[in-house]
Amino acid sequence: METSTIPVKDQSTDFMPINGTDYLEFYVSNAKQAAHFYKSAFGFQSLAYAGLETGLKDRESYVVVQDKIRLVLTSPLRSGTEIGKHIDKHGDGVKVTALWVDDAAYAYSEAMKRGAKSYLEPEVLEDHEGKVIRSGIHTYGEVVHIFTERKEYNGIFLPGYRPWNPEYKTDPVGLKYVDHMVGNVELGMMNEWVKFYEDVLGFRQILSFDDKDISTQYTALMSKVMSNGNGRIKFPINEPAAGIKKSQVDEYLEFYEGAGVQHIAVATDSIINTVIELKSRGVEFLQVPGTYYDALNERVGEIDEDIEVLRPLGILVDRDEEGYLLQIFTKTVQARPTMFFEIIQRKGATSFGKGNFKALFEALEREQERRGTL
Ligand code: FE2
């Protein structure tokens, strides 16, 4: 089997309309420091806070924002909590992918009717700014999707949060929205989760890659890309394939102790400026060898950017039938070698950088080699 594109289905049959990603919530061991990291290194702005000062006893959350991207960083305030157990098992990682919908009760009942496992029955959260209706279902690993309905809410984030407006502010780096979010699942489980997104959320498979597309001397993985009806939500799902040594997906599954979010791709309109800024703030990226750029022009043809500007920054380029894209991957951003970010700029291309997989995985393997986990 080779890479294949599946035709778009009629959107009028979409039983699960989703407007976009509402927020991503990370369970982390030190939310205060994590929030500072995302502000100082990634250019997010302070938005909202909930914790002891808002009446919570067991946890604290900081919300940061950059254009359409909202991150919630949550830590427990005492031992024995569900959040604490999650962190003990997985380290820092994504717990919630919140999906913005017009009707959270309807989304929940449609998903449940189609076989979802409940995480949160529809609930109404209210404060003086209005109300938000939320509901939630489980997906792979311990990750959950929360449906958020906020058309009757005027507050800063969610009821229960107060504005967080500290003196320290940083300039944004041009990150605009979540382009896609990738999950790593256990060997043999990719198709189960593909079916889950098809059956339960009405997603369709738009691309698939197998180990012939994605393999190096050591790594092999398979991936299928799921998209919702309007294409605003894209969830590639990876599973490891048998390789000579431990693949990057195996390493993730071992250190995360199960399935989870591998990377979050965030879009920018100017990847060169964004990456220059991120590097100056200490964000570390995977580096491909200089030879990658020697063959670039031949592979992708004419592009607007100067290759000699891309080369020292390590920005990768790929082309598909519709255009091209520029992308770069950070090193993992927490203690465990698990989650990382992708920065992506699309110039027509709707794919995911297949032409870069080999160079990229070899770069990842050099990192694994250093960790002794290859
Ligand atoms: Fe990606």
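Trainee: What makes F26, F37, Y38, F42, F44 and F341 a cluster?

Mentor: Ring pairs link these six residues. Rings of Phe, Tyr and Trp (its six-membered ring) pair if their centres lie within 6.5 Å; planes under 30 degrees apart count as stacked, over 60 as edge-to-face and the rest as tilted. This is a predicted model, in which local features need pLDDT of at least 70 and side-chain atom pairs count only at pLDDT 80 or more, while totals for chains, interfaces and linings use all residues. Residues are numbered from 1 along each chain as its sequence is written, and side-chain values use heavy atoms, with hydrogens and water left out.

Trainee: How many aromatic pairs does a search of the whole structure find?

Mentor: The search finds 21 aromatic pairs. In one of them, the ring centres of F329 and F340 are 6.2 Å apart and the planes stand at 70 degrees, so the pair is edge-to-face.

Trainee: Why does F340 count as buried?

Mentor: Buried means under 20% relative accessible area, exposed over 50%, partly exposed in between (1.4 Å probe, protein chains only). F340 has 8% relative accessibility, so it counts as buried. F329 is buried too, with a relative accessible area of 5%.

Trainee: What makes H180, H263 and E342 donors of the iron ion?

Mentor: Donors are N, O and S atoms within 2.8 Å of the metal (3.2 Å for Na, K and Ca); water is not among the atoms, so sites may look incomplete. The atoms here are NE2 of H180, NE2 of H263 and OE of E342, lying 2.0 to 2.2 Å from the iron ion. Along the chain the donors follow the spacing H-x82-H-x78-E. H180 and E342 are both buried.

Trainee: Why is strand β13 called largely enclosed by the rest of the structure?

Mentor: Strands (E, at least two residues) and helices (H or I, at least four) are DSSP runs, numbered from the N terminus. In β13 (residues 221-227), 6 of the 7 residues are buried, so the strand is largely enclosed.

Trainee: How do you know that β13 pairs with β14?

Mentor: Two strands pair if DSSP finds at least two bridges between them. β13 and β14 (residues 234-240) have 7 bridges and pair in the antiparallel sense. V225 stands opposite P236 in β14. On β12 (residues 204-209), 5 bridges join that strand to β13, again antiparallel, and L207 has V225 as its bridge partner.
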